[in-house]
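Subject: Structure for you to look at

Hello,

Here is the structure I said I would pass on. Please open it first, then read the notes below with the model beside you.

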Amino acid sequence: MKDEIFKKPLEKQFEFDKSVASVFDDMVSRSVPFYTQNLKLIVELIDHFTPQNAKICDLGCSTATLLLALYEKRKDLLLSGVDDAKAMLEIAKSKCQAFGAKVEFYQKNLDDFEFFTNDVFIATYTMQFIRPPKRQEVINKIYKNLNKGGIFIMSEKILYEDAKISKKMIEIYENYKQDQGYSKLEIATKREALENILIPYTQNENITMLKKAGFSKVESVFQWINFQSFIAFKNY
C-alpha cells in the first residue's frame, strides 16, 4: 500500500501501529535514501564476515525485509528478529511464511529484551528511537552478547554538528522526499510527528557510544548526507 499517513492532520502521537505497518515498506523505501541499496550492502557484509551457520539477530526487524534478503542469500544462517510492534511482526511472519523462511520472532521493546548470544546483531534505523538515557545500555548488551569476532551493523539518521551545514542538509533531504512524491504538508506533518520520538546522534556520538561499549574497531560503510551506516567489530 502507498504511504499517505501524513496527508491528514495528526490525531495522536506517532507509533508503529497497524496503519503504519500496512504502508511501512513503501514509507521506508521512499523516506530513507538508498534504503534498498543499503540493505543489499548489509547482506553482502554479513556474507563476507560470517561463518557457516552464523546466528543473526535483527533488532527492530519491522516487516522482515532484511531478514528475507539474508535468507535468500544464505540458507545456512540462523535468523531471528525483534520488534515491539505487533502489527509489524504479523506482516513479517506472513512474508516469511510465504517464502518458506524459518525465522524466530520476538515481540519486545529493546529496553526489556533478554538478549542472547549471536554472531551478528543488526539495527537499521532502530537505535534512534531508543531514548538517549537507555541507548548506551542497549549497545552494551549488544556487545556483551556478541560472540568473539562478531559484528554489529547499525544504520542511523545522523545530526551535523555545524548548524549551518545541518540546515542545508535538511533542505536537501526534504527536496529528496518531494522527489519521492511527498508533499510539503506531508513532510512537515511527519517531521512534527517524529519530534522527540526519533532522536538522532552525530557521527562522533555514535562512534563514541560503540567504542564505549567495547567495540575494538568501528568503520563507516555508507553515507548519504544525514543517513549513515556503521560496522563495529568485537575483538577485531
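Two residues are in contact when heavy atoms of theirs lie within 4.5 Å of each other. Keep in mind throughout that this is a predicted model.

Start with F230, which sits in strand β8 (residues 227-233). Leaving out residues up to four places away in sequence, F230 touches F152, I153, M154, Q203, N206, I207, L210, V218, E219, S220 and V221. Is F230 buried or exposed? Buried means under 20% relative accessible area, and F230 has 1%, so F230 counts as buried. One of the residues F230 touches is Q203. F230 and Q203 are 27 residues apart in sequence, and their C-alpha atoms are 9.5 Å apart in space.

In soluble globular proteins, nonpolar side chains tend to be buried together. The largest nonpolar core here has 44 residues, and I46, I56, L70, L79, F105 and I122 have the most contacts inside it. Helix α2 (residues 35-49) gives the most to this core, namely six residues. There is also a second, separate core of 25 residues, with F113, I139, F152 and L210 among them.

Which residues does L79 contact, leaving aside its neighbours within four places in sequence? They are I56, L67, L70, Y71, K102, V103 and E104. Of these, L67, L70 and Y71 are among the buried residues of α3, together with L66 and L68. What covers the buried residues of α3 includes α2, β1 (55-59), β2, α4 (86-99), β3 (103-107) and β4 (118-124).

D76 is in the loop between α3 (65-73) and β2 (78-83). The cut-off for buried is under 20%, so D76, at 15% relative accessibility, counts as buried. What polar partners does the side chain of D76 have? A polar atom of the D76 side chain lies 2.8 Å from the backbone nitrogen of N53. The side chains of D76 and R74 are joined by a polar contact, also of 2.8 Å. With neighbours within four places in sequence left aside, D76 is in contact with P51, Q52, N53 and A54.

Last, the empty space. Rolling a probe the size of a water molecule over the atoms shows where empty space is left. How many cavities of 30 Å³ or more does a search of the whole structure find? There are two.

- The largest cavity has a volume of about 40 Å³. D3, F6, K177, Y182, E186, I187 and K190 line the largest cavity. Helix α7 (residues 184-194) gives the most to this lining, with three residues. The lining has three nonpolar, no polar and four charged residues.
- The second largest cavity holds about 40 Å³ of space. Its lining is made of Y35, D58, G60, C61, S62, T65, L66 and T124. By class, that is three nonpolar, four polar and one charged.

The second largest pocket has a volume of about 300 Å³. It is lined by 14 residues, and I5, K8, E11, K12 and S19 lie nearest its centre. Six residues of the lining are nonpolar, two are polar and six are charged.

Regards

Definitions and conventions:
Residues numbered from 1 in each chain as written. Predicted model: local features only at pLDDT ≥ 70, side-chain atom pairs only at ≥ 80, totals over all residues. Heavy atoms only, no water. Core = buried A, V, L, I, M, F, W, Y, C linked by side-chain atoms within 4.5 Å. Buried < 20%, exposed > 50% of the residue type's maximum accessible area, 1.4 Å probe, protein only. Helix = DSSP H or I, 4+ residues; strand = E, 2+ residues; numbered from the N terminus. 1 Å grid on protein atoms, 1.4 Å probe; cavity = no way out; pocket = protein on both sides within 12 Å on 5 of 7 lines; lining within 4 Å. Points joined across faces, edges and corners; volume = space filled by probe spheres on them. Nonpolar A, V, L, I, M, F, W, Y, C, P; charged D, E, K, R; others polar. Polar contact = N/O pair within 3.5 Å; in protein donor to acceptor, adjacent residues only side chain to side chain.
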